[in-house]
Amino acid sequence: MKNLLRAALVAAALSPLAPAQIVVGTGGDLQAAIDAAPSGSIIEIQSDETFAGPLTFAASPAKDLSLVAGDGYAPVIDGGTDRAIIVELSAKSTRFKGLTLTSTASSWSIQMVSPPLVAGELQELVVDDCHLDSGLYVVHTGAGRVDLTLRDSTVENYSMSVTAINGELNADVRDTTIEDLLLYGSGIGDLDVMVRDSTITDRINTYAENGELDLELLRCRVEGPVIFGLYATALLPSGTLRAESTVFDGKLVSSTATGVLLEGTTGPGGLGLELIQCTVVDWGTGIRLPVLPTGTAGVLLRNTLLARNTTDLA
C-alpha cells in the first residue's frame, strides 16, 4: 500500500496539470525566474535575503503565478526609490505570500497597473501574510472584473488605495491592519469592498462619481474618521456604508473630529448608512448626515451605541 501511495504521489507531481515549483535561493535572480516561469508556477524564495525590486509581472504573456516565501524564510523585496512589485493587468492570477515589500521613497509596495481588461476578463490578486510598508495601489480602468484578496497582512504608510473606473472591482480584506483605506469609483465603475476582522489605524475615505460603491465592515476596529462620499456628475452614483459589530473609536483623534461622515450631492436612495451592533465613541460628532438638495440619506441604526461624543448625531 505504501508503494502504491508513493507511486501515486510521484505520478501527481509529474502530471502536466501540477504547478511547477521553482526555487530561488540567496543570490538568485527573481525577475529572471518570473519571466521564465510557465503559467501556473509557484516561485518559492528559500532565503532571508533582501532582493532588489521592482519586480514586474508582465501582462504579456499572461500567466498565473505565485511568489511565496519558503517555510522558515522571511525574504524582503525592496523597490528602493521605485515600487517593490508591479502587476500588469492580464486576465490572470497573481499571488504573494509571506513577503515583506518595501521602498525608501513615496512609492507603493504593490501597484497593479494597466493595460485595461476587456469585457468578460477576470484578474485576481491575492496578498497573504505579507507586510507592505509602502502601501497597496490597485487601479482598474477597463471593462471586465478585478478580484483583490488581502488577508493576514499589514499595510502601512501609503495606505491601501483601490480605484474602479468603468469596470467591476471586488475587494475582500480579512485579519489585516491597514493605516488608510482609500476607495475611489468613477465612470460606471462598480466597487464592492468587504473588510472583516481588521483594524484601520488612521482613516477611511471614499469618493464615488457615478457608478456604485459599497463598503461593508464586519467585526472591525476603526481608529480614525470615516468619510463616505458620493458626488454626482453626469449620472447619479449610489452606495451604502454597512457596518456590523464594529467599533469607531475617536480617542486618538482630535476632539472636534467626526467619526462617521456621509456627504454628497446625490438624491434620495443614493447614499445609505447601516450600523448594526456597532459602537461610535469619543468623537466631537459621532455621526454626521449630509444635507442633500433632493432628500436625506437612508439610515439604519440597530443596537448601536453612541457614547462620550460631544454630539452623537448631526
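The following questions and answers go through a predicted model of one protein chain.

Trainee: What should be kept in mind about the numbering and the atoms used here?
Mentor: Residues are numbered from 1 along each chain as its sequence is written, and side-chain values use heavy atoms, with hydrogens and water left out. As this is a predicted model, local features need pLDDT of at least 70 and side-chain atom pairs count only at pLDDT 80 or more, whereas totals for chains, interfaces and linings use all residues.

Trainee: How many helices and strands does the secondary structure of the protein chain come to?
Mentor: Helices (H or I, at least four residues) and strands (E, at least two) are taken as DSSP runs and numbered from the N terminus. On that basis the protein chain has 2 helices and 32 strands.

Trainee: What percentage of the residues of the protein chain count as buried?
Mentor: The classes rest on relative accessible area, with buried under 20%, exposed over 50% and partly exposed in between (1.4 Å probe, protein chains only). The protein chain has 314 residues, and the share that counts as buried is 49%.

Trainee: Among contacts between residues at least 6 apart in sequence, what percentage join residues at least 24 apart?
Mentor: A contact here means heavy atoms within 4.5 Å. Among contacts in the protein chain between residues at least 6 apart in sequence, the share joining residues at least 24 apart is 62%.

Trainee: Which residue in β30 is the bridge partner of E274?
Mentor: Strand β27 (residues 271-276) runs parallel to β30 and is joined to β30 by 5 bridges. In β30, the bridge partner of E274 is L300.

Trainee: Which residue is joined to P54 by a cis peptide bond?
Mentor: P54 lies in the loop between β3 (50-52) and β4 (55-57). The cis bond has an omega of about 5°, and the residue joined to P54 is G53.

Trainee: What is the omega of the cis peptide bond from S60 to P61?
Mentor: P61 is placed in the loop between β4 and β5 (65-69). The peptide bond from S60 to P61 is cis, and its omega is near -5°.

Trainee: What is the phi of N303, which is not a glycine?
Mentor: N303 is found in the loop between β30 and β31 (305-307), and at 61% relative accessibility N303 counts as exposed. Although N303 is not a glycine, its phi is positive, at about 50°.

Trainee: Where does Q277 lie?
Mentor: Q277 is not a glycine, yet has a positive phi of about 55°. With a relative accessible area of 45%, Q277 is partly exposed. Its place is in the loop between β27 and β28 (279-281).

Trainee: How far apart are the closest N and O atoms of R219 and D197?
Mentor: R219 counts as partly exposed at 42% relative accessibility, and D197 counts as partly exposed at 32%. The two residues form a salt bridge, and the closest N and O atoms are apart by 2.7 Å.

Trainee: Which residue meets R308 in a salt bridge?
Mentor: R308 is exposed, with a relative accessible area of 62%. The side chains meet at 2.9 Å, N to O, and the partner of R308 is D282.

How values were computed. Pairing = 2+ DSSP bridges. Salt bridge = Lys/Arg side-chain N within 4 Å of Asp/Glu carboxyl O.
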